[in-house]
Amino acid sequence: MTLVEREVELAALGRLHEECAKGRAQAVVISGGVASGKTELLHAFAEQVVQRGAVLLSATGSRAERDVAFGVLGQLAHGTALPGPAARRLLDLLRAAGEDDTAPDPSTGDPSTGDPSTIGAANARLLDEVCTALLAPAAERTVVLLVDDVQFVDDASLQALLYLQRRMRFTRTLVVLTEWAVPRPSRAAFHAELTRQPNTTRLVLDPLSREGVAELLATHLDPRTAAALAPVHHAISGGNPLLVTALVEDHRAAVRAGRPLDGVTAGREFGQGVLACLHRWGPPVLQVARALAVLGEGRGPALLGKLLDTTADAAAQVVEVLEQAGLLDGGRFRHPVARCAVLASLAPAERAGLHLKAAGLLHLDGAGPAELAGHLTEADALGGGTVDRWGADVLRRAAQDDLAAGRLDQAVRRLELALRSTTDDAERADVTTLLLRVEWVRNPSAAAAHLAPLLAARDRGALSRRNLLHLSEFLFWYGHIDQLTATLADVAPAPAGTGAEEADHAGARVGSLSFLHPTALPAQAGPGGAGRDLPTTVGLRPADLAATAERVLQSGRVGGYTFGTQAAALAALVYFDHVDRAGQWFETLLADSDLADTRAAVVGALRAEALFRQGDLAEAGRQARAAYEALAPQSWGIAIVIPLAVGIAAHTAMGRHDEAAALLRTPVPEAVFRTQLGLLYLYARGQHLLATDRALAALADFDRCRELAEVWHVDLPAPVPWRVGAAQAHLALDDREAAHALARQQLEHPALGGDRGRGVALRVLAATVPAQRQVPILRESVELLQAGGDKFELARALLELSNAHNAVGECETARTVARRAAQMAKGCQAEPLTLRLRPVRDLDPAEQWDERVEHAGMASLSEAERRVAVLAALGHTNREIGVKLYISVSTVEQHLTKVYRKLNVTRRTELPVRLPRRLVAGQK
């Protein structure tokens, strides 16, 4: 047997034993926490005294035998060390006392006076005979009497031990008792009588120190591992030897299982050790431990007492016992495994009841929603009873915090419980609205099931103004446009006294919805109306909109309770060409670890649009695909066109027309085309059609944008510059006059926006005027696009500027500008621009083409077809080819059709890049 940090106590017992051998009797009381090593110390001492020839009598108190009179004395009498005559005499006395109903009972005190502190003459005679029998061997040898766990000894035996102590003073007798260290012993009179005698010594066993833990570990593990684990094992066990040993077993189990050991392993054995300590103490201590496990951290004895229907003082005493035993530290379990083990020891129904009772007490104590909701949901998970009426409101408020923090599963559990716990119509509507919002973040497809009960609540007038706005946003997302119109019609103006921040958010939400669906709110202007914060008329000032959007973004926690409003504000910054101002918000949103699922997909799609408007085509395409794939298509609702439109535009600009076409084959809800989102899609599709030589089809899409803008009385050229697209289509169809008019209208529009939009319009305008007028227009376009930050559009403008310089004979300037354009195009991965720029950039006046690189199929082309094919391969549009060769656009299209067939290609980007340009020498 190995004793750790108990050598001092063992030596003290040895010295006291030597004193007894000299005829000076001693009594020793050893106290310590549960499982602190008291019993092991007794065993070690017993071995020593037996080796020295002493008569060893031992007994152990037991909770089960506490009411059995003379139970411990009976254990001493039955021991083999007591000589035969003395043992028989003692047994006869105990048997007689047990069989004679009239025999005195020392535990009741003096029957003549009723004073329990005195024993009376009859009891004295009985105890005198008992002590005589016990002390008989002391005439020849030292008698050592050991009683373990004296706190469980029966009262009669305790009286006998006290009587013995008073009578043994000048005998060779040593009495050693062990007891639990408790702040206030339950048998105060016994302790007072025991310790007042001059021959009594007290020994206290403290928990093991860190060094002691290391020493104990070294008896089980190799020295290096023991030294490494000692600090953490000490902190978790509180120096309790039983718990240290349990941790060793868990460590060994982890090693056998091959689990990674990156620190202390507290598992099954540790949990069982904690329960073993608690069960040794009995029900009162176990109950307090369970109540602490249910309540959690930071709760005082007053609440513990109420939970257990006892006094705060009694609860405080037990907590102190648990502290001394190393199970608690500052009223908290030292390790989560300990708390889990204690909770698991409770029957589900009992545990649920404690959680419900704790929630009620904490509610009266003013606890916060999160703590109260935790108890209510735990009780529900265990099959608990009914939640009180206040519980539904608590659960709803806690779920709001969960939503903001990204704890979505927990929020759903709390809201479902709240919904089952209330019958109030307005409260059910509140809970259902929040449940819709949380489920939308987690799984928009599943969340759609909550729309029907909310629409029914709307029809009953049970939805508040705020919930009507929430419902409106989701009706838009799911494409229920008619219901959206009806719901917005029910939204009353903001009541008097509404705070500025709340009014901003409410106004922004109504404004964004009326912008996205212009016919949803016909004429609600003025304070709190549609036009207050996000104007939708032609008179819109984008600078004002950007300021409003940033004010909305700054007024709340990003990604939290107001995500829908913030997303709308962020979209406003992006689509109205304030991408630089949106950048910091993207970083904040995407860096937020709590942002998840649908919110992340929406932010990713908007960021893809921002990247596209900065000319980062490849990254825009990647992020659009990632956002699109983050949700199932049906979960996107009508917002699916946001990542689709960006992906189509990015792939088109990079010349990846097959990938753009694949995205265009994705079904989109018909309701999309009743919203502004439909315009984004139509414009992206039109640009793709234009790039793949389908100008008439492209013009139809741009005209559809125009028709919708006219019907809605909403004409905002920044998000969807349909006039620019239509002008490009007219140029491809050789209608320069129509193109010029459209480009001029775009430039003169009062809500055109920033530098980017104006720069793009100027580039298109330049293509509608004679060559000698193009250079100054394109220079201004380049300057604006440089300031606007769109590298792709800048590359396009530089290409046109290079062509314009070349057209007026400024070849060296043309090559310089072309090199810059090529650098920009390469950085954007805009392959079509790169192909168009390569000949212009590399061409030297003396350079001649190598006939050996001529495509094998060129021989099959006529002279006219060759000329058209060469210019098409260089990237010129049909209109430009017609101008250079003095033929109509229709003739160009006919020649290209024959060229594609003869060369076995399907579009101009597949034409051989190095076709013999000498065929068009001198053509301008």
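**A friendly note on this predicted model**

1. Is His 730 buried or exposed? Its relative accessible area is 16%, and because buried means under 20%, His 730 counts as buried.

2. If you set aside its neighbours within four places in sequence, His 730 is in contact with Leu 699, Asp 735, Ala 738, Ala 739 and Leu 742.

3. Next, find the partner of helix 36. The axis of helix 34 (residues 676-691) comes within 10 Å of the axis of helix 36, and the two cross at roughly 20°. Angles under 35 degrees count as roughly parallel, so helix 34 is roughly parallel to helix 36. The crossing of helix 34 past helix 36 is left-handed.

4. Which residues make this contact? Helix 34 contributes Tyr 683, Gln 687 and Leu 690. From helix 36 come Trp 722, Val 724, Gly 725, Gln 728, Ala 729 and Ala 732. Sorted by class, the contact of helix 34 with helix 36 has 6 nonpolar residues, 3 polar ones and no charged ones.

5. Let's step back to the whole protein. Its secondary structure comes to 45 helices and 7 strands. How many of its 924 residues are buried? The share is 55%. Counting contacts with a separation of 6 or more, 68% are between residues 24 or more positions apart.

6. Take Leu 278 as an example: leaving out residues up to four places away in sequence, Leu 278 touches Val 285, Leu 286, Ala 289, Leu 322, Leu 327 and Val 342.

7. Finally, visit a strand. Gln 26 lies in strand 1, which spans residues 26-32. With a relative accessible area of 12%, Gln 26 is buried. What does Gln 26 touch, not counting residues up to four places away in sequence? Its contacts are Leu 16, Glu 19, Cys 20, Met 168, Thr 173, Leu 174, Val 175, Asn 199 and Thr 201.

Notes: Residues are numbered from 1 along each chain as its sequence is written. This is a predicted model: local features need pLDDT of at least 70, side-chain atom pairs count only at pLDDT 80 or more; totals for chains, interfaces and linings use all residues. Side-chain values use heavy atoms; hydrogens and water are left out. Buried means under 20% relative accessible area, exposed over 50%, partly exposed in between (1.4 Å probe, protein chains only). Contact means heavy atoms within 4.5 Å. Axes are lines fitted to C-alpha atoms, for helices over the stretch in contact, and angles run from 0 to 180 degrees between N-to-C directions. Helices (H or I, at least four residues) and strands (E, at least two) are DSSP runs, numbered from the N terminus. Angles under 35 degrees count as roughly parallel, over 145 as roughly antiparallel, 65 to 115 as roughly perpendicular and the rest as oblique. A crossing is left-handed if the near helix is turned anticlockwise from the far one by less than a right angle, and right-handed if clockwise. Ala, Val, Leu, Ile, Met, Phe, Trp, Tyr, Cys and Pro count as nonpolar, Asp, Glu, Lys and Arg as charged, and the others, Gly among them, as polar.
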